[in-house]
Amino acid sequence: MSKAKTKTFTLGGKALPVDLHTVWTDDDGQALTVSDGVIQFDFGYRDIHFAGRLEQAAGQAHLKLVGDLGPMPFSAESPAARAGLARIIEAANADLGAEAFRVTQGRVLLGSDMAVAVPVSATGLVTPVTLFLLPAEPYLELIAMYIRPPLATAKRGESAVRPEWRKKKLSGWGR
């Protein structure tokens, strides 16, 4: 039997409950004991793409989850939106008790590292994710007032910053 490979699946495309044990197979398709390995998955929530990485080793399971909420506006594009988002992120982190929200490489992210009960089941996986996302819900709504969620419909090339927060172009100057 060869070493388990990383398997990838999308929760949104499968009906729950998802049998995580069927994802763990060797090269011949034989089921492996769910003890060590990595499962990657993604899902959409509130027009936000979330990616998860579940790692199991030594009888423990750990989930790393991150969602991309959209770009942090540049000061030149919208100083008001940038300042408002910074205040929301600061308040959210103070309320949630962790660095759940952060700005990395110009993107606003929501993420967490969490323990998952073993043996891992669909319910055991969805429960900690839900317990993490529900308290963040009001902050996601506030952030969406400034920037359009990444999976929301938009015209090609349209800024993610909501129109009411975009810096207005001055007309008539230089004429």
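## Pro79 and helix H1

Pro79 lies in helix H1, which covers residues 79–96; helices here are DSSP runs of H or I with at least four residues, strands are runs of E with at least two, and both are numbered from the N terminus. The model is a predicted one, in which local features need pLDDT of at least 70 and side-chain atom pairs count only at pLDDT 80 or more, whereas totals for chains, interfaces and linings use all residues. Residues are numbered from 1 along each chain as its sequence is written, and side-chain values use heavy atoms, with hydrogens and water left out.

With a relative accessibility of 42%, Pro79 counts as partly exposed, a class that sits between buried (under 20% relative accessible area) and exposed (over 50%), for a 1.4 Å probe and protein chains only. When residues up to four places away in sequence are not counted, Pro79 touches Phe74 and Lys167, a contact meaning heavy atoms within 4.5 Å. Pro79 and Lys167 are 88 residues apart in sequence, yet their C-alpha atoms are 7.9 Å apart in space.

## The chain as a whole

The secondary structure comprises two helices and six strands, and from the N terminus on these elements follow the order β-β-β-β-α-β-β-α. Of the 175 residues in the chain, 37% are buried. Among contacts with a separation of 6 or more, 54% are made by residues 24 or more positions apart.

The chain exposes about 10,600 Å², and carbon and sulfur atoms supply 55% of that area; accessible areas come from the Shrake-Rupley method with a 1.4 Å probe, and for residues only the protein chains shown count as cover.

## Helix H2 and its bend

The 25 residues of H2 should span 36 Å at 1.5 Å a residue, and its end C-alpha atoms, 34 Å apart, agree with this; the expected span is 1.5 Å times one less than the number of residues. H2 bends by about 50° at Glu137, and a proline, Pro138, follows within four residues. The bend at a residue is the angle between axes fitted to the seven residues ending there and the seven starting there.

Glu137, at the bend in H2, is buried, with a relative accessible area of 16%. Setting aside residues up to four places away in sequence, Glu137 touches Tyr45 and Arg46.

## Salt bridges

A search of the whole structure finds four salt bridges, each defined by a side-chain nitrogen of Lys or Arg within 4 Å of a carboxyl oxygen of Asp or Glu. One of them joins Glu137 to Arg46, with the closest N and O atoms 2.7 Å apart. This pair links distant parts of the chain, since Glu137 belongs to helix H2 and Arg46 to the loop between strand E2 (37–45) and strand E3 (48–57), 91 residues apart. In contrast to the buried Glu137, Arg46 is partly exposed, with a relative accessible area of 35%.

Another salt bridge forms between Arg53 and Glu55, whose closest N and O atoms are 2.8 Å apart; Arg53 is partly exposed at 31% relative accessibility, and Glu55 is partly exposed at 31%. The side chains of Arg166 and Glu158 also meet in a salt bridge, at 3.9 Å from N to O. Arg166 is partly exposed at 26% relative accessibility, and Glu158 is partly exposed with a relative accessible area of 34%.

## Aromatic pairs

Five aromatic pairs are found in a search of the whole structure; rings of Phe, Tyr and Trp (its six-membered ring) pair if their centres lie within 6.5 Å, and planes under 30 degrees apart count as stacked, over 60 as edge-to-face and the rest as tilted. The rings of Phe101 and Tyr139 have centres 6.3 Å apart and planes at 70°, so this pair is edge-to-face. The pair links distant parts of the chain, with Phe101 in strand E5 (residues 101–104) and Tyr139 in helix H2 (residues 122–146), 38 residues apart. Both Phe101 and Tyr139 are buried.

Tyr146 and Trp165 form a tilted pair, 4.6 Å centre to centre with 40° between the planes. This pair too links distant parts of the chain, Tyr146 being in helix H2 and Trp165 in the segment after H2, 19 residues apart. Tyr146 counts as buried at 13% relative accessibility, whereas Trp165 is partly exposed, with a relative accessible area of 29%. Ring pairs also link Phe41, Phe43, Tyr45 and Phe50 into a cluster, and Tyr45 is one of the residues that Glu137 touches.
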